[in-house]
Every structure is written in C-alpha cells, then in structure tokens.
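I open a new page here for a structure that I have not looked at before.

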Amino acid sequence: MRVAYSAGGRSNLLASGRFGRYPKDMRVLLVEDTADLARTVCDYLRGHGHAVDLAATVEEARDAWAVADYACVILDLGLPDGSGLELLRARRRAGDRTPVIIATAFDQITDRIAGLDAGADDYVTKPFDLGELVARLRAHARRAGGLPSSTVEIGPLRINRASATVRRDDTEIRLTSREWSVLDALLAARGRVLSKPALEEALYAFDDTVEGNAVEVYVSRLRAKLGAGVIETRRGLGYFIP
C-alpha cells in the first residue's frame, strides 16, 4: 500500500491522546504534522501490532522521546515549529541510539546525505509504501536489539520475529497480539530479566490505564502454549527467557 499526502490538516494529535495505548510488537514514535498521512500510517502500523505515539511538532517529539523507550522513530523533517533534522542531531549528541527512519518529501540527494550524516539509519521519501516501511522498521529494530536474524530457536520452538509466528516442529502456535508483544519483548532482552513495568511498557503506548495483572495473565497464557521452561520467573524482579 503506497500512501500519498496532502498539505492540509495539522493537529496536536499526541496531546489529544486520540491514538491512546494499543497492544504492540514494537513501540514507535511517528513525528508527522500532516494529519491525514499521520492517521493513515498510525492505523496501518497499529494493524500490524505496533503501538504508535504521534507527535506533530518538534516540541511534542522532544517531550515524547525524552520519556519513552522506542524501538524506532519515523521522523518528518519539515515541522511547523522547527527542523526534524535539528531534533535528530540533538538526540544523537545526547547519546541516543534509537533507530531513526526519516520519512519526508525532501527528495534531493543532498537532503538524503544531510539526513544520514545527522544520524538517521534510513531515509524514505513520500509517497512511500507502508508494507516496505514496516519491513524497514523491523529490520532496524532487530539490528538495534542485537538480533541479526529474525528467527529464534528455543528447544522445539521456532520463532520468527519478522512474521510474528511461532511453530513447534511443523505445527503453528497461534498467539494473540498481546501475547506476542510480551514474548517479543522477552526475546529482545533474552538472558536479561524484564520487570513487570518494563513488560507493561512493551504492551502499551501513552494515555490508557494498564490492567494490574495484565502481565501475569499473558505470561501464564504463553507458558500454557509454549511449554514449561521457556519463560522463567525471577521472584521479586520479573521474567526472562534464558
């Protein structure tokens, strides 16, 4: 699906909370001031299981980026209150290594060079294909997480993080989007303990009330589907995949 965009319709979508918290595979920050394009991209990403926080200005993006841990940032350059490029340079100077995909109408080779030199990991021009954008998001998130391959094997389980599928031998194990979100977060941190708040962060974006026992419920369901020993508990600390 290739999306075009129009110049009209800027709104403070992040502050309104209209996109709320959604179950996800990855948590993504979309920095885009064109409301119709932003809505289309958000809907598509959410439909693929990702949580999306939307910022329409440099100020909103700076605030969101400062408090949340994103798997990737999709960054427009021409924003109403400043340059996305300057925001990117500031984040890189501060030591932030979050993968950034610039998505902009600026299509000259000099623009591409400037964006990549400023610290972007990728650069796409509008209109862009949404399926390709999701594939790029996953690829950059995998590399940033230290997982060069999208396939993980745990005993008889074969888990494909790119397609969000799990198989035991030749049989597919079907997971809900939230079950997958918990599993993928644990895989990304394999060998490290993730606390309950960290897993809640993996399940939701901004502006919603998190159910108190949500993490315990989804871990229990995953254990029932995947088998004993895949997800272990470190009492008082959290969960991990050894």
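Predicted model: local features only at pLDDT ≥ 70, side-chain atom pairs only at ≥ 80, totals over all residues.

I located V193 in the loop between α7 and α8 (196-203); helices (H or I, at least four residues) and strands (E, at least two) are DSSP runs, numbered from the N terminus. Leaving aside neighbours within four places in sequence, V193 is in contact (heavy atoms within 4.5 Å) with R234, L237, G238, Y239 and F240. For F240, which is 47 residues apart from V193 along the chain, I find a C-alpha separation of 4.7 Å.

**T57**

Is T57 buried or exposed? I find T57 buried, with a relative accessible area of 18%, in the loop between β3 (51-55) and α3 (58-67). Its side chain reaches the backbone nitrogen of E60 at 3.0 Å, and, apart from neighbours within four places in sequence, T57 is in contact with V31, L79, P80 and D81.

**A sheet of four strands**

I traced an open sheet of 4 strands in the order β10-β11-β12-β13, with antiparallel pairing; two strands pair if DSSP finds at least two bridges between them. The edge strands, β10 (151-154) and β13 (171-173), each pair on one side only, and the twist averages 25 degrees from one strand to the next. For β10 and β11 (residues 157-160) I noted 4 bridges, and I154 has L157 in β11 as its bridge partner.

Which helices lie on this sheet? Helix α7 (residues 177-188) lies across β10, β11 and β12 (165-168), at about 95 degrees to β11; axes are lines fitted to C-alpha atoms, for helices over the stretch in contact, and angles run from 0 to 180 degrees between N-to-C directions. Helix α9 (residues 214-226) packs on the sheet as well, touching β11, β12 and β13, and its direction makes about 40 degrees with that of β12.

**Two backbone details**

As background, I wrote down that most residues other than glycine have a negative phi, and most peptide bonds are trans. D169, in the loop between β12 and β13, has a positive phi of about 55 degrees although it is not a glycine, and D169 is exposed, with a relative accessible area of 60%. The peptide bond from K126 to P127 is cis, with omega near -5 degrees, and P127 is found in the loop between β8 (122-125) and β9 (128-129).

**Helix α6 and the whole chain**

Helix α6 (residues 130-144) has 15 residues, and its buried residues include L130, L133, V134 and L137.

Finally, I recorded 9 helices and 15 strands in the protein, and 49% of its 242 residues count as buried.

Notes:
Residues numbered from 1 in each chain as written. Heavy atoms only, no water. Buried < 20%, exposed > 50% of the residue type's maximum accessible area, 1.4 Å probe, protein only. Polar contact = N/O pair within 3.5 Å; in protein donor to acceptor, adjacent residues only side chain to side chain. Expected span 1.5 Å × (residues − 1).
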